[in-house]
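Hi there,

Here is the structure I promised to pass on.

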Amino acid sequence: MGMAAAESQFHVLAVDDSVIDRKLIERLLKTSSYQVTTVDSGSKALQFLGLYEEEGDQQTNPPQTPCVSPTNNHHQEVEVNLVITDYCMPGMTGYDLLKKIKESSSLRNIPVVIMSSENVPSRISRCLEEGAEEFFLKPVRLSDLNRLKPHIMKTKIKGQQNLEKLEEESEETQFQSPPPTLPLQEQQQLQQPPQSQPQQQQQEQQTPSNNKRKAMEEGLSPDRTRPRYNGIATLV
Amino acid sequence: MDVVGQLQRQFIDYTASLYREGYVDDQFTQLQKLQDESSPDFVVEVITLFFDDCEKLINNMAKAMEQQVVDFKQVDSHVHQLKGSSSSVGAMRVKNTCVAFRTVCEAQNLEGCLRCLQQVNHDYSLLKNKLQTLFRLEQQILAAGGSIPMVE
């Protein structure tokens with residue numbers, strides 16, 4: 001039950017101002033074996049993530065040095081592996097929240113998924129271009145949640161790569177990052193002796209590129225470039 | 001047929017009629033699928049939340065339309081919310097009325113809005129009645145020692 005145990009460690013933060021939709025997404029996520037926290041606004045989401053509005057420029061925060069958590073957020077009590085947020089919310093929209101997360105050096109690794117009841121192609125492409133992993137049309141279904149796993153796995157791997165990179169910087173060695181399908185337990189034990197690999201595996205190439213909601217297939221090319229928010233671990 | 005069998009038959013027929021008559025759609029089925037031993041009252045809980053939401057939003061719409069100068073954007077925002085939650089629980093008629101409602105809001109057609117408000121209230125009341133009947137049937141089945149049949 002290795003994979004199932006690993007899955008139950010994944011923690012999703014769900015953001016929606018509708019109490020009904022919160023209840024629904026919570027049930028969907030729990031049914032899919034995720035740990036869930038729900039909040040009713042973008043600002044509460046940021047608070048939970050440890051990013052306070054009053055804080056100054058996140059860029060000036062010191063790099064996370066003695067940090068073990070893959071998401072590298074020393075503010076967080078609990079690690080968040082994915083944020084799923086409604087688009088239409090009063091005050092801070094899901095798009096605003098997405099932007100804030102991607103602009104934050106401590107949070108930008110966290111995959112973000114947007115949900116909306118409205119199929120507006122320009123809205124969808126704006127979100128995807130800002131770095132959202134997926135755009136789900138409401139009502140969200142269990143089958144939609146199956147598309148979350150690759151993104152969460154990517155983060156775990158990126159986190160692992162990040163750790164390895166940090167070690168690499170001090171030891172001047174190259175690591176080969178594990179393919180996504182390895183059980184997490186094995187990945188975490190990968191303190192392997194240095195191998196001379198020319199470059200890290202292209203994790204992006206292994207994830208299917210057609211995961212995007214087929215609400216607007218025409219407008220999107222699967223290979224469009226996303227802003228690379230973590231220059232450390234990924235090469236595009 | 002024994003009591004449980006009869007009740008189950010009733011339940012199946014009643015559920016089928018709800019779909020046939022357009023009170024609920026497939027999303028309602030999705031709700032059922034999310035209910036299990038770890039969350040045995042999920043459907044009732046969500047539907048209850050939905051009914052509360054309906055009442056609140058319908059009241060808000062009515063208030064907004066009673067104003068000297070009607071703020072149609074306000075009304076529309078309430079309708080948008082109701083459309084969202086009705087869609088999330090599979091309340092098809094309510095949702096469809098909301099779609100029409102948004103159109104008359106956009107057109108700032110007060111009469112049209114008043115008609116839609118009446119309609120949405122009617123849809124909500126009917127649905128509430130129907131689902132409460134359904135839930136009572138469920139309780140009867142369980143009380144008689146039977147299990148709730150899954151209706152696709």
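**Salt bridges, a histidine and some rings**

Let me begin in chain B, where Arg115(B) and Glu111(B) are both exposed (over 50% relative accessible area, with buried meaning under 20% and partly exposed in between, using a 1.4 Å probe and protein chains only). Their side chains form a salt bridge with an N to O distance of 3.4 Å; the term stands for a side-chain nitrogen of Lys or Arg within 4 Å of a carboxyl oxygen of Asp or Glu. Both residues belong to helix H6 (residues 110-143) of chain B and sit 4 residues apart, about one turn of the helix. Helices here are DSSP runs of H or I with at least four residues, strands are runs of E with at least two, and both are numbered from the N terminus.

A word on the ground rules: this is a predicted model, in which local features need pLDDT of at least 70, side-chain atom pairs count only at pLDDT 80 or more, and totals for chains, interfaces and linings use all residues. Residues are numbered from 1 along each chain as its sequence is written, chains are lettered from A and ligands numbered from 1 in the order in which they are written, and side-chain values use heavy atoms, leaving out hydrogens and water.

**Around Arg102(B)**

Over all chains there are 17 salt bridges. One of them joins Glu118(A) to Arg102(B), with the closest N and O atoms 3.1 Å apart. This pair crosses between chains: Glu118(A) is in the loop between strand S4 (112-116) and helix H5 (121-130) of chain A, while Arg102(B) is in helix H5 (residues 92-106) of chain B. Both Glu118(A) and Arg102(B) are buried.

Arg102(B) also forms a salt bridge with Asp76(B), at 2.9 Å between the closest N and O atoms. That pair links distant parts of the chain, since Asp76(B) lies in helix H4 (residues 72-89) of chain B, 26 residues from Arg102(B). Asp76(B) counts as buried because its relative accessibility is 17%, and Arg102(B) is buried at 16%.

Which residues does His80(B) touch, leaving aside its neighbours within four places in sequence? They are Cys88(A), Ser117(A), Glu118(A) and Arg102(B), with contact meaning heavy atoms within 4.5 Å. His80(B) is in helix H4 of chain B and is buried, at 18% relative accessibility. An unreviewed UniProt entry places the feature "modified residue: Phosphohistidine" at His80(B); such annotations may be inferred rather than shown by experiment.

**Chain A and the rings**

Chain A has 9 helices and 5 strands, in the order α-β-α-β-α-β-α-β-α-β-α-α-α-α. Of its 236 residues, 52% are buried.

There are 4 aromatic pairs over all chains (Phe, Tyr or six-membered Trp rings with centres within 6.5 Å; stacked if the planes are under 30 degrees apart, edge-to-face if over 60, tilted for the rest). Among them is the tilted pair of Phe10(A) and Tyr34(A), 6.5 Å centre to centre with 35° between the planes. Phe10(A) is in the loop between helix H1 (2-8) and strand S1 (11-15) of chain A and Tyr34(A) in the loop between helix H2 (19-31) and strand S2 (35-39), so the pair ties together parts 24 residues apart in sequence. Both Phe10(A) and Tyr34(A) are buried.

Best wishes
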